[in-house]
Each structure stands twice: as structure tokens, then as C-alpha cells.
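These are my notebook entries on the structure shown here.

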Amino acid sequence: MTVETTGARFSIGIDLGTTHCALSWVDLSASDGDRVVQGVLDVPQLTAPATLEARPLLPSFLYLPHESELSAGDTALPWGAAEGGITGELARTRGAATPIRLVASAKSWLCHPGVDRRAPILPADAPAEVARISPLAASVRYLTHLRDAWEHAHPDAPLAAQHVTVTIPASFDPAARELTAEACQAAGFERLTLLEEPQAALYSWIQASGGGWRKQVQSGDVILVVDVGGGTTDLSLIAVQENAGSLELRRIAVGEHILLGGDNMDLALAYGVARKLAQEGKQLDAWQTRALAHGCRAAKEQLLANENVQSVPVVVPSRGSKLIGGSLRTEVTRAEVQQTLVEGFFPQVAVTDKPQTRARGALTQLGLPYAQDAAVTRHLAAFLARQAGALDQATFARPTAILFNGGVLKAPQIAQRIVQVINGWLAQDGAAPARLLDGAHLDLAVARGAAYHGHIAARGQGVRIRGGTAQSYYVGVESNMPAIPGMEPPISALCLAPFGMEEGSEVALDAQEFGLVVGEPVRLRFFGSSVRRNDTVGTLLDFWGPEELVELQEIEAQLPAEGRTPGEVVPVTLHARVTDIGTLELDAVPVGGSERWKVEFDVRAPAASE
Amino acid sequence: MTESTPPSFFSRIALAFAVLGDAHLALGAARLRGGEALAADVPPREVPAPKIVEVRVEVPVEKVVEKRVEVTTPTAALQLLGLLQREARFVDFVQEDVAGYTDAEIGAAARVVHEGCRKALREHLTLEPVRPEAEGSRITLPPGFDAAAVRVSGNVVGQPPFTGTLAHRGWRAADVRLPQLTDDKAAAVIAQAEVEL
């Protein structure tokens, strides 16, 4: 695989996060080997009306103001007026007070298969007069802001000419990966690679070690990357192997998409304190509750950073100008933080525990599918247990080293608790404890690691993490069983793309022909598996366990009518290819022909019956 | 004192005797005749509030060098005040009458102000002590020391080097990073009125 580098002066890494974005760069011409000239772009953004500040993080929020709310001068950016809403810090603070005009967590919506991600659906609870935008368009807005900020600072190095690596959660399905790539292309990134965030974090660690990483890990090590961000938790296992005398890294397993992060934790603490205030007869309104959450976050950071602090006072300021007369004072104690955060989100659980689920009410389906079990450690246990096969181990996949990423894990007590829980599981299995790899900058590691990845890819030197597709993929076919009246015909799963397909490779499923009707879309059921790593193209599964295959959104193939008779049935086979960008592409190829038609992952959801 | 109605003839005689018997009053009358204004007639001078110091900080260094008395635009000062209000509710706190509150109540609000002011200063200024030595230690100022940064007091006689005790380390703004304004007029609104619909 070659990465075209002509003309690219920089390798740019972009962390397109649920709550924050960041852009890091490596100057390719000035970097060589382990000596890397790297920086993080301070992104100019509105922090108040008519006020511009450059900050390393761009909050991933889009605020759609009322026409009378802000003047053109209030929202001007260095590179011109902001069109159709405000991104960044001002969007976050404005939107907190007017949530009906705030687009938040666009990334979580982008990987939510229950909605049409190209349709204007955000803000989800906006009134009719607010012009909504799609999760895809919101992502384009954040990327465009970063592009404009970059080009404002580097007018001689347009982003389209640089090599750009954008990070995605390891758990993103093919549709979400493709939508991310589409957003990047819409923002004008022409030389694009997608990289999984836990891998980016590991690249950042490798770079920060300045070559010393080879002494810190050895062949046979299995690194568990735990990434707890503002809105999501992402897990990956990366094995250290030896190949022809040099160390090689291979990403062997990724976790499921878990919508659970630091914001949930801050809210949980704030609600606990609000209850305490309510018992004292002090009711908080929505504005005060947000102010309380803000105060609780600061208190939490102090309590988790210093074991000698027993309680931290928190003051909820009045909304009016009477600050002294209208403020409420309370305090957050060590016991509350311990109980709510450490025990609530990181309880001591057995490795055999599974996240608790409850049946969702039909009405909740319109929102984001937040994790139902708040215990990160239970999700971790389920992940390691499910991936036992990845390492040929009996009960669970045993890591030997742990790398943390994400702001939540800056808190030493939470980091210690996770290490303690994992080492408890290892001790029961008679295995040696896992050691903690010293992390780099937990907020910026992903962007920095992505830029570094682009640098070593451009240079063709330095260690690369191999991995390929994170899952194996299957298409549903009717099985050869007799149909039973009143029952859905049983379905078999036919493997279309095996686990670990690398960028640029292609496979063809010749064993099965599908008849496509010209001019009519044909929908196929589509499945992914993060555990069946030995299936090859054409493997037919009649039965599978509930944990083995996860049904994804249906895929759709359509033959255009040009040059054919509408209604004609054309036999096709399906080909799977992993693009250089890192997305999976499915094509329908007519038997005996050479034309290709793209099979769409992100099919417009059928019109919901209201 | 009313200037519109002059005192009557008898009152003026009484005043003359009063001046005769009171040297202090005589001095005041003499000064008045000399054209000096009475204290009460002097228009109240602007009290140099601490924010004036902040204004000086905002002035770009080269301007200070070229002219000592600089008419500054108030924008940067207002901007800093706006930041302190936004982060720390500074104006709310200072404008409120504290007389009726207990120290505990004022203390609770002061936490908001203190934490927010620290954050605002940390983000927008780089503050460093003028002198790195510990307060209370003896230091020597060489000839040609920077009198703008170090103020000597007490037994100030002779020529430097001066040796004395460092009473206050001083503060210096090593860097100022105020947000850019896209509309200068916006700075005059230190805090927007908020109306919940």
C-alpha cells in the first residue's frame, strides 16, 4: 500500500470527537524517524458574542440561533461569516441555555442505525421553525471549521493537499465509517485515511516514548486500550508479535459501541447533589442544575486528584445579579464521589458479569441508544469474555498491559480502580497482573497519534498497527429449510468479507448469485461479527449464538435502468473491498460482466409510520 | 454654601470679627482671595480604581515606549471586566451591598469569584512575580535598577546599590492573550441582560 505524498507538507490528524474536536499536525519536511516536529492547532472560535479565542479543543456543538439573537458582527470568524449556525465554545454555552437550538453528539447520531443520517433530524427536539440539519451535515460543519482554521493559519498549505487522518471509534460499523469518510470529503479532505481511536492513542504513546516503547512491551504482550471519552467508551485489544526479528502490532479485537462517558458521570454526581439540596428544601431550576453540574465537575476533579481532601464546597451561583444573596452553598464529599462515580461506574464485578439490559420502551427509540448499564467495568468484562477466542484463552482474553485514553481516566482513583478490577480477574485465572503503560496527553493523544500515523505512513518507516476490518460481515440468505406457515422463513448468514481484511484487498463471493431486478432496489439483511474470526468468504451459517452475530442495518443494491429493460432480472455476485481510506465497499457485479454497482450501507430508513 | 445670595451687611461684619479671632479661618479667607478653590467646589476627581492598572497592562509595549502618557481606548479594560464577570461574576459581586450578609454567605459567593477570577487570569494573562526571591529576604538593587518594576521605600538616601527587605514580590504580566473582538462596541456590554422565554 502506498500513500501519495507529493506536495503534502503536513500530516494532519483530526480527532472528530463526540464532545470535542482537535487538530494536530506533523511537519513532514522537518521530521525524520523518531524525531518528529509536531504541534496542535489552536482553533479560533467564538467564545462569546463578537469574541474570538483560539483554543486547542473545538467543542463539537452547533448552535442554530434565532434570527434576532445575534448580529452578523457577533458571529464573524477570521475567515468570514459563519453561515447557518455557530460551532465551538459559544455554541456549547448558548446551547446549554437553549437546548432546542443546539445540535450535540452528532457523532453518536452518525452511528445510530435507527435513523436516516442524511436527513435533517437535529436538534431532535427543535420546534418546527428551526431549520434542522442532518448528523452528516453537522459533522461536515465541524470539519469545515477545522479546515478553515488550519488554512487561516497556513494559507500556503491548503488542507486538500495535505495528508489527513481522521479518527473514528473502533466500534463504528461500515455505514458509520462510510458516512464519516463522506463528511470528510464534503469538507474537502482529498487525501484521507480513517484510523480507529484506540489505535491513534497507541500511536501517540509510541511516539511519546521516543523509541523507548520497544523496551516497555515485548512479543507476546496484549495491550488493552481503554478509551473513556466525554460521550463514549471504546475498547480494543492490540497484540505485540514478533516478525523477522522486529516487533509488530496487530489490533485483534474491538468492543461494541458504548454510549457512556464522562458527561454521564458529571450528570450523575450533579443529580445526587441536587437531591441532597432538595431534601434541604432548596429546589434547583434547569439553569441552576447546569451550574451545579459545572461545579460538581470541578469538585470531582479535586477529590479524585487528591486523596487528602475529604469534601469540596460547591456553590450554585444565582442566576440574577444578586450573587451573594442568591447563591446556594453545598458540598461534595469524598464518599459521594466514591459512591456515585467509582462504585457507580466502575464497580468491582466478576469477569463473568454481563451488562444489564432491560427491554426498551417503544418511545425511547427516537433518542440515542445510550448504554443501559452504567458500569464500565461490566462492559469491559463482557468484552474480554467475548474475545477469549481472539487469544485462544478459555474464560476471557487476558491483557498483559493497559493503555488509558480519554479525559475521565485523568482521575487517578478511577484509573487505579480499573487496573485493580482487571488484575483481580487475572489473579483468579492465575495470570500475572497487567501493567499500566504511561499515557501521553489524555485529551489530545488521539489527534496527535493520528498525525503521527499519517507521518509514518507517508514515510513508510516506523511501526504500524495492522488490523484490517474489525469484524467479519455476512449477508442474509433464505435457508434451504422448508417454510413453516406463520413463521418467518429461517435465514442463513453467508460470509461476505472475512475478519481482518486489510486496506486495498478485495474478495468476491462467487458461491451465491443474487437476482437483481433492474430499476428496483433490492434489500438484503446484513450482519457483523466481532468474534467469528476464522470464517472465510462463502462460509454459510445456519445457526449462531446471540452474541456471535449482530444484525446491522439492511444494505441495498440497485441496478440503474440505463441500457437494460426495467423489470429484467440480472444475476450478480457481491464483491467486498477495503478502500485505501479504510472503509468497506460492497459492489454488485453482473455474472460474466465487468460493471460494478455500489451496494449502499446507509439506506434511507423506510418512512416511519407516525 | 450658597453662592447666589451674598451675606447681609451685618453678617459680613460678624464674619470679619470671626476672621480676626481665628487664624485658621483667616488663612482660608486669604486663600480664597488669592483665587484658590474650596475643597467642596473642586469637581470630584476620578478615583484611580485598580482597573486603571489593568488598562496599562493592555497597552502594547511599543506604544508605552514612544509616549509616556497614552490615551487608551477602554475596550481592552471592558473586555477584561467582561471576562471576569463571565467567568467569576466579578461585577455582580463588587456591585452588591455586602452589609447585610454574614461572612459565611459572602465567603460562599467569594468561592465563585475566586475560582472564576483565577481561571480568567490563567487563561488570558501570564502573571509572574517581578522578583523571584522569597518575601522577607534581603535583596540588593544595582545602579540603574528598573524603577518602574521595583518601588523602594523607607530610608531612601544615597546612591544605589540599595539593599533592603523584599516586602512584596510584585506581579508582572508576561503575556496577555485577550480574545479578539469582531465588534468593538460589544465590549461595553459587560454582561448581557438575560430573558428566559
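I began with the contact, to which chain A gives 20 residues and chain B gives 19; two residues are in contact if their C-beta atoms, placed from the backbone, lie within 7 Å. On the chain B side, helix H6 (90-95), helix H7 (103-124) and strand S5 (180-181) each supply at least two residues. H7(B) gives the most, with six residues. Helices (H or I, at least four residues) and strands (E, at least two) are DSSP runs, numbered from the N terminus.

I noted that this is a predicted model, in which local features need pLDDT of at least 70 and side-chain atom pairs count only at pLDDT 80 or more, while totals for chains, interfaces and linings use all residues. Residues are numbered from 1 along each chain as its sequence is written, and chains are lettered from A and ligands numbered from 1 in the order in which they are written.

I then looked up strand pairing, for which DSSP must find at least two bridges between two strands. Strand S5 (residues 51-55) of chain A pairs with S5(B) in the antiparallel sense over two bridges. Opposite Thr51(A) I found Leu181(B), in S5(B).

For chain A itself I recorded 13 helices and 30 strands. Its radius of gyration is 25 Å, close to the 25 Å of the globule rule for 610 residues, so chain A is as compact as a globular protein of that length; the radius is taken over C-alpha atoms, and the rule is 2.2 Å times the number of residues to the power 0.38. The C-alpha atoms of chain A fill a box of roughly 80 × 65 × 65 Å along the principal axes.
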